[in-house]
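Open your viewer, get the selection tool ready, and follow along one stop at a time. Each stop tells you what to select and what you will find there.

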Amino acid sequence: MNNEVKFYQTRRFKTKTKNTLVLAILILGSIVLLIPLWWMISTSLKTPAEIAQHPPSLIPESFQFSNYFEAWQTGAFTRWGLNTLFISVIATIGHVFVNSFVAYGFAKIKFKGRNALFVILLATMLIPAFVTLVPQYIIFSKLGWVNTYLPLIAPAFLGSAFYIFLLRQFMLTIPDELSEAAIMDGASHFKIWWHIMLPLTKPALIIVALFAFNAAWNDLLGPLLYLNDENLYTLQLGLQTFKGNVQVQWHYLMAMSFTVMLPTLILFFIFQRHFIEGANLSSGTKG
Amino acid sequence: MNETVINEKEKPYPPEKTTELDVTSAALPKAAVLSKRKRNKGGKTENLMGYLFISPWIVGLLFLMAGPLLFSLYVSFTDYNITSQMNFVGLDNYKRMFTEDNLFWTSLWNTLYFVIFSVPLTTAGAVFVALLLNQKIPGMKIFRTIYYLPAVLSGVAVYFLWMHLLSPSTGLVNTILDWFGINGPAWLFDPEWTKPSLILMKLWSVGGGMLLYLARLQGVSPALYEAADLDGANAFQKFFHITLPMLTPIIFFDIITSTIFSFQIFQEAYVMIQGGDLSSSGGLEGGPANSLLFYNLHMWNNAFKIFNMGYASAMAWFLFFIIMILTVFHLKFSNKWVHYDGGDKK
């Protein structure tokens with residue numbers, strides 16, 4: 001009788017208990033993570049009177065969709081939205097093509113000093129952006145670029161160390177035979193990059209595009225520094241002025257915050273697989 | 001990172017020269033020989049093409065990195081105010097920074113506080129979440145999406161959201177604390193709680209770092225665990241002797257990058273500062289009792305509020321210096337605890 005295994009000692013029972021425990025923690029964690037977003041939407045649909053209630057209600061008594069329209073009217077949000085879209089799209093195009101171009105140089109062309117330059121590229125990732133912020137501002141202001149989109153767009157066409165690194169790692173996994181065959185046919189590196197590399201690295205390019213668009217869309221520092229004219233404002237900058245203008249009208253503030261977040265949320269749900277692959281791609285190469 | 005660089009170095013450069021008389025190339029099919037010859041002849045053009053392809057980055061490196069860095073080093077020894085004056089003042093800016101400017105030390109302390117708490121907490125949080133999400137449970141894909149979601153959200157909207165969540169009387173956080181009979185703090189209005197508020201907000205988006213760990217965990221060979229099972233190892237032993245060592249390269253990378261990143265905290269404070277007495281900081285915002293005056297905010301105020309470019313450049317260089325020291329320190333001590341063993345090999 002002593003040899004009999006009690007039910008709580010079996011492997012199956014142990015795994016089951018463990019899985020139940022993990023599941024419980026995960027569900028609890030999900031609630032904690034999602035509540036802020038739900039709270040944002042809930043507040044955006046309440047009346048000011050209901051927001052001031054104590055204790056606050058979890059679900060709005062009546063859904064005030066008009067909050068969104070009224071909040072939209074308090075600033076030049078249509079214009080700011082179009083400005084942001086313009087900057088983000090141009091910057092994304094720059095990042096996708098220029099970084100891929102540079103990455104091709106580092107991955108597929110053997111030139112003198114390539115390794116040394118690549119080490120420098122990696123080292124620049126460790127330089128804090130704020131160190132170059134002040135001198136960059138001086139340079140751009142001397143060029144007369146303040147109050148234009150150039151300081152926000154031009155750097156996107158001069159390569160970004162992290163994206164170059166990411167794309168180069170991806171290109172290294174593509175066998176050289178393909179490009180060698182093309183060289184035999186007399187193709188130049190330009191043609192190989194355009195006709196072979198760009199299509200083959202599409203998954204990595206989508207990742208770069210997503211990250212770049214998101215970064216440009218959510219950038220506050222650049223616009224804050226370089227844009228003074230209210231007509232040129234981006235959504236982040238417009239939203240930021242909300243803080244001073246409106247005496248904390250949370251229903252408007254949350255309505256506009258959610259609206260500004262919406263494009264990022266939509267992109268995330270459409271491309272979530274790519275977001276996750278992006279992280280895998282950058283981690284897989286760092287081990 | 002290092003591995004790939006080393007692999008590149010092992011490849012001989014320039015490619016071995018082949019002559020017409022070379023036996024091996026004679027034996028090769030004609031086409032291959034042709035292509036090989038073509039490439040050798042093109043050594044110079046190949047170099048040129050290489051530089052051409054990386055030229056956008058080189059231009060960026062010179063005009064957005066190296067140039068500005070050197071320029072700001074020079075400016076840090078002047079009283080430059082971007083419009084009229086630019087006199088050489090020697091080490092005055094640095095002297096003022098270390099001996100006269102109390103706010104400099106306040107800002108350095110605030111930043112260190114934030115780095116010291118937020119980096120270990122977010123790293124540990126990311127590892128913990130990754131371990132949970134690595135279990136084999138149906139519906140795991142949905143959980144991964146939920147946990148990653150806050151990490152893609154950023155910018156002013158998120159800061160406003162947290163200002164609302166942390167609002168002392170009507171905020172959700174204090175309401176929930178109330179249910180448990182806890183009288184919540186005034187968060188962003190209380191000098192003691194302003195920095196913990198920002199750290200709490202950072203923890204919300206812990207899922208961003210989680211993905212890196214998850215990817216690594218999924219690469220750990222099951223054979224390692226099976227072997228440990230045979231040896232009768234318990235769950236804790238397996239974690240500390242297999243899982244954790246496998247994660248150390250990612251932890252190492254995560255700590256370096258998030259230290260650099262956290263040192264530069266600026267936007268959060270800039271947007272989320274509420275209240276506070278402006279007279280104590282000469283009319284410049286620093287939050288309640290200057291508790292949110294982070295290093296970069298102090299630098300920003302000096303550079304773009306009072307246009308003291310010389311002083312701000314000196315601060316920038318000191319920041320650069322601190323971060324370099326920290327990075328070298330991390331690299332030096334990495335071999336003490338980081339394991340670079342691959343998946344199956346030991």
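Below is a short tour of a predicted model, from its confidence scores to single residues.

**Before you start.** Residues are numbered from 1 along each chain as its sequence is written, while chains are lettered from A and ligands numbered from 1 in the order in which they are written. Because this is a predicted model, local features need pLDDT of at least 70 and side-chain atom pairs count only at pLDDT 80 or more, whereas totals for chains, interfaces and linings use all residues.

**Stop 1: confidence.** Colour by pLDDT, the predictor's confidence in each residue, from 0 to 100. The predictor gives the complex an ipTM of 0.90 and a pTM of 0.86. Now pick chain B: its mean pLDDT is 83, and 83% of its residues reach 70 or more. Residues 1–41 of chain B have pLDDT below 50, and this stretch has 25 contacts in the model beyond near neighbours in sequence; two residues are in contact if their C-beta atoms, placed from the backbone, lie within 7 Å. At residues 342–346 of chain B, pLDDT again stays under 50. Where pLDDT is low, the predicted coordinates should not be read in detail.

**Stop 2: annotated stretches of chain A.** Select residues 21–41, 85–104, 116–140, 152–171, 192–217 and 250–271 of chain A, which an unreviewed UniProt entry annotates as "transmembrane region". The positions are given in the numbering used here, feature names are shortened, and annotations may be inferred rather than shown by experiment. Zoom in on residues 85–104 of chain A: the stretch is 100% helix, with end C-alpha atoms 28 Å apart. Residues 250–271 of chain A are also 100% helix, and there the end C-alpha atoms are 31 Å apart. Helices here are DSSP runs (H or I, at least four residues), numbered from the N terminus.

**Stop 3: where the chains meet.** Show the contact between the two chains, which takes 85 residues from chain A and 80 residues from chain B. Which helix gives the largest share of chain A's side? Helix 14 (residues 250–284) of chain A does, with 15 residues. By class, chain A's side has 55 nonpolar, 24 polar and six charged residues. Ala, Val, Leu, Ile, Met, Phe, Trp, Tyr, Cys and Pro count as nonpolar, Asp, Glu, Lys and Arg as charged, and the others, Gly among them, as polar.

**Stop 4: helix 8 of chain A.** Select residues 161–172 of chain A, a helix of twelve residues. Is helix 8 of chain A largely enclosed or largely open? Ten of its twelve residues are buried, so helix 8 is largely enclosed by the rest of the structure. Among them are A:Tyr163, A:Arg168 and A:Phe170. A residue is buried if 20 or more other C-beta atoms lie within 10 Å of its own, exposed if 12 or fewer, and partly exposed in between, with C-beta atoms placed from the backbone.

**Stop 5: three single residues.** Click on A:His189, in helix 10 (residues 189–200) of chain A. A:His189 is buried, with 22 other C-beta atoms within 10 Å. Leaving aside neighbours within four places in sequence, A:His189 is in contact with A:Ile109, B:Met49 and B:Phe53.

Next, find A:Asn147 in the loop between helix 6 and helix 7 of chain A. A:Asn147 is not a glycine, yet its phi is positive, about 70 degrees. A:Asn147 counts as partly exposed, with 14 C-beta neighbours inside 10 Å.

Finish at B:Trp187, in the loop between helix 9 and helix 10 of chain B. B:Trp187 also has a positive phi, near 45 degrees, but B:Trp187 is buried, with 24 other C-beta atoms within 10 Å.

Note on methods: Helices (H or I, at least four residues) and strands (E, at least two) are DSSP runs, numbered from the N terminus. The expected span of a helix is 1.5 Å times one less than its number of residues.
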